[in-house]
Amino acid sequence: MTAPELDSLRLLVLVGELGSIGQAAVVLGMTRPSAGKRLSFVERRLGLVLVDRTRRGSALTPDGRVVTGWAQRVLAELDGLLDGAQTLRNRHETGLRIAASMTLAEHLVPRWVGELNRAHPSLHLGLEVTNSDRAAELARAGKADIGFVESPGPFAGLTSRKVAVDHLVVVAARNHPWARGRRPLSPAELASTPLVVREHGSGTRETVDIALRKAGVGPVKPLLELGSASAVRNAVIAGAGPAVISALDVADHELVPVAVEGVDFGRVLHAVWPEGRRLTGPAAELLALAVRRSSGG
């Protein structure tokens, strides 16, 4: 059995609401004879009498009321589909959802977003600041059009592109013994000392752990776990203990960089988006801008 046309279902619903084929035809911009033929065609196709036609008007039969109930649900679902598609289209045309890890969100993404916004002043931009794991997950799930992360990867289910490089630095407060040391720390000294660290899922935390493992001394010892780069920085200044943070965050004169020999704290910062999907529109422009600005220093 072939399904009735959507306009025929709309006609049937209106006949039930208005009690008149003629009035329903006017609402839909049809002639009365055309509407009558449509209803007759639907009745033949379904093998049911749906409308009781009299000189005083038209009314749905019991079967007609049941079918009309189903038709209303079909039309409501269709309206939901069309509204949802319009929302998606508007979002792609006028919005860009970005997820970025802390260091990128504090130091690099605002510059890129600012330049993109100057080129497209009507573009709505949304930035969610989180850790690297969460930023990658938002991009993977399609809840962000593009993500920026500090983790070294690999990124399952995602395509990645280098957008910048960064270097982590061991820092201590001015009154900490490390700040007065005249020789670099050894990897073992760093690994055996409890540090102020970011939470699991942070790209900085992951980079530190990987670098220490490569140096043969194991992962970091947490003294205090905090949820943002600024919180870690403030804890070090307050004397909680030393930490390893991005060189981009070492701008406070109260933080003293501490040299470490034999450990490579360099890292690559990436843009990520769903595997198999080509970036288009504002997301592609933002990526190109980030890469260009990184290449230009």
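## A loop residue, Thr193

Helices and strands here are DSSP runs, numbered from the N terminus. In this predicted model, Thr193 sits in the loop that joins α8 (187-192) to β7 (194-198).

What does Thr193 touch, leaving aside residues up to four places away in sequence? Its contacts are Trp178, Lys221 and Pro242.

## Helix α7 and its buried face

Let's move to α7, which covers residues 132-140. Its buried residues are Ser132, Ala135, Ala136, Leu138 and Ala139. Looking down the axis of α7, you'd find these buried residues within an arc of 160°, so they line one face of the helix.

What lies over the buried residues of α7? The cover includes the strands β3 (95-101), β4 (124-130), β5 (146-149), β6 (158-173) and β11 (266-274), along with helix α9 (203-214).

Now for the ends. Asn131 caps the N-terminal end of α7, with a side-chain oxygen 3.3 Å from the backbone nitrogen of Asp133. After α7 comes Gly142, and its phi is positive, near 75°.

## Two helices packed together

Helices α1 (residues 6-18) and α2 (residues 21-28) pack with their axes 8 Å apart, at an angle of about 130°. That angle makes α1 oblique to α2, and their crossing is right-handed.

Who makes the contact? From α1 come Asp7, Arg10, Leu11, Leu14, Val15 and Leu18. They meet Ile21, Gln23, Ala24, Ala25, Val27 and Leu28 of α2.

Key. Residues are numbered from 1 along each chain as its sequence is written. This is a predicted model: local features need pLDDT of at least 70, side-chain atom pairs count only at pLDDT 80 or more; totals for chains, interfaces and linings use all residues. Side-chain values use heavy atoms; hydrogens and water are left out. Buried means under 20% relative accessible area, exposed over 50%, partly exposed in between (1.4 Å probe, protein chains only). Helices (H or I, at least four residues) and strands (E, at least two) are DSSP runs, numbered from the N terminus. The arc is that of the directions from the helix axis to the C-beta atoms. Contact means heavy atoms within 4.5 Å. A polar contact is a pair of N or O atoms within 3.5 Å; within protein, one must be able to donate a hydrogen and the other to accept it, and residues adjacent in sequence count only if both atoms are side-chain atoms. Axes are lines fitted to C-alpha atoms, for helices over the stretch in contact, and angles run from 0 to 180 degrees between N-to-C directions. Angles under 35 degrees count as roughly parallel, over 145 as roughly antiparallel, 65 to 115 as roughly perpendicular and the rest as oblique. A crossing is left-handed if the near helix is turned anticlockwise from the far one by less than a right angle, and right-handed if clockwise.
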